[in-house]
Amino acid sequence: MKIALLGPFSAAIDGVPIAPSAGKPRQILALLAVQAGQVVPVSSVIEEVWGDAASPKARITVQTYVLQLRTFIGQALGDVAAAREVLVTRLGGYALLAGPDAVDVHVYDRLCAEAQTAVERGDDARAARLFRAALDQWSGEAFSGVRAGAVLGLEAMRLGQSRAGVLERCIATELRLGAHERLLSELADLTTRRPHDEALHALFMTALERSGRPMGALAVYETVRARLDEQFGLLPSPGLRRLEREVRDRAATAARA
């Protein structure tokens with residue numbers, strides 16, 4: 001089984017699709033997949049699919065949708081009865097039993113945890129590889145092609161925030177490894193797409209300075225400073241202002257040498 005949630009939603013068993021086209025069963029499959037291996041209470045399914053608009057017959061409707069999902073799974077397996085061993089009924093809910101590498105969200109979370117452990121152990125080379133492998137799990141926005149209700153909406157928010165943080169930690173790790181010149185193009189693109197992200201701008205400034213371009217680093221600072229002032233009436237963060245002063249001081253010292 002392979003289920004992709006970190007981009008366009010897809011689910012297949014041995015290449016045979018098991019994701020229905022109908023919106024609500026598709027939503028339930030995504031919910032079960034993101035919590036694969038765990039029992040998802042029927043109440044959580046109802047909250048995700050209908051929220052406060054749930055009818056008294058919602059539980060029966062959930063049963064109907066689960067039967068539809070089992071039909072898709074059984075067709076892919078070539079054994080309708082075997083589907084009950086994949087999408088199982090448990091007390092109060094349902095669980096989708098999938099292997100540890102079946103769902104990209106789980107692979108992503110595991111790689112992120114392993115990368116962070118490597119950072120803490122001082123193994124930046126391994127951490128950088130794992131961070132990049134985690135980021136490679138993404139192919140778009142989380143749960144693209146699935147309506148996200150209360151439960152999936154929170155998970156999408158968590159994943160989006162995690163992705164941004166992992167990207168920053170990955171680049172910071174690669175900068176420690178001396179990859180500043182290689183990162184310039186990527187950072188130029190990222191800061192264009194995220195014009196108010198001060199952490200990314202700080203990384204871009206660092207990469208530029210280490211590549212022998214301190215004036216370019218200071219230009220990046222002036223660009224983000226002007227944007228923040230014009231659009232929000234804000235100054236850059238103390239950390240970014242401190243970095244600007246340090247770059248300026250080092251450039252001045254080098255010019256006098």
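**A polar pair and its surroundings**

I began with side chains, and in this predicted model I found a polar contact of 2.7 Å that joins the side chains of Gln27 and Glu48. I placed Gln27 in helix α1, which covers residues 23-34. Is Gln27 buried or exposed? I noted a relative accessibility of 1% for Gln27, and because buried means under 20%, Gln27 counts as buried. Leaving out residues up to four places away in sequence, I listed what Gln27 touches: Glu48 and Val49, then Val146, Arg147, Ala148, Gly149 and Leu152.

**The crossing of α2 and α6**

I then turned to helix α2 (residues 42-49), which packs with α6 at an angle of about 80°, the two axes being 6 Å apart. Since angles of 65 to 115 degrees count as roughly perpendicular, α2 and α6 are therefore roughly perpendicular to each other. On the α2 side I recorded Ser44, Glu47 and Glu48 as making the contact, and on the α6 side Ala150, Val151 and Leu152.

**Helix α7**

For α7 (residues 180-193) I checked the length against 1.5 Å a residue: the 14 residues should span 20 Å, and the end C-alpha atoms are 20 Å apart, which agrees. I also noted a kink of about 30° in α7, centred on Glu186. Which residues of α7 are buried? I wrote down His180, Leu183, Leu184, Leu187, Leu190 and Thr191. The buried residues of α7 pack against α5 (124-135), α6 (150-176), α8 (198-210) and α9 (214-232).

Definitions and conventions:
Residues numbered from 1 in each chain as written. Predicted model: local features only at pLDDT ≥ 70, side-chain atom pairs only at ≥ 80, totals over all residues. Heavy atoms only, no water. Helix = DSSP H or I, 4+ residues; strand = E, 2+ residues; numbered from the N terminus. Expected span 1.5 Å × (residues − 1). Bend = angle between axes of the 7 residues up to and from the residue. Buried < 20%, exposed > 50% of the residue type's maximum accessible area, 1.4 Å probe, protein only. Contact = heavy atoms within 4.5 Å. Polar contact = N/O pair within 3.5 Å; in protein donor to acceptor, adjacent residues only side chain to side chain. Axes fitted to C-alpha atoms, helices over the stretch in contact; angles between N-to-C directions. Parallel < 35°, antiparallel > 145°, perpendicular 65-115°, else oblique.
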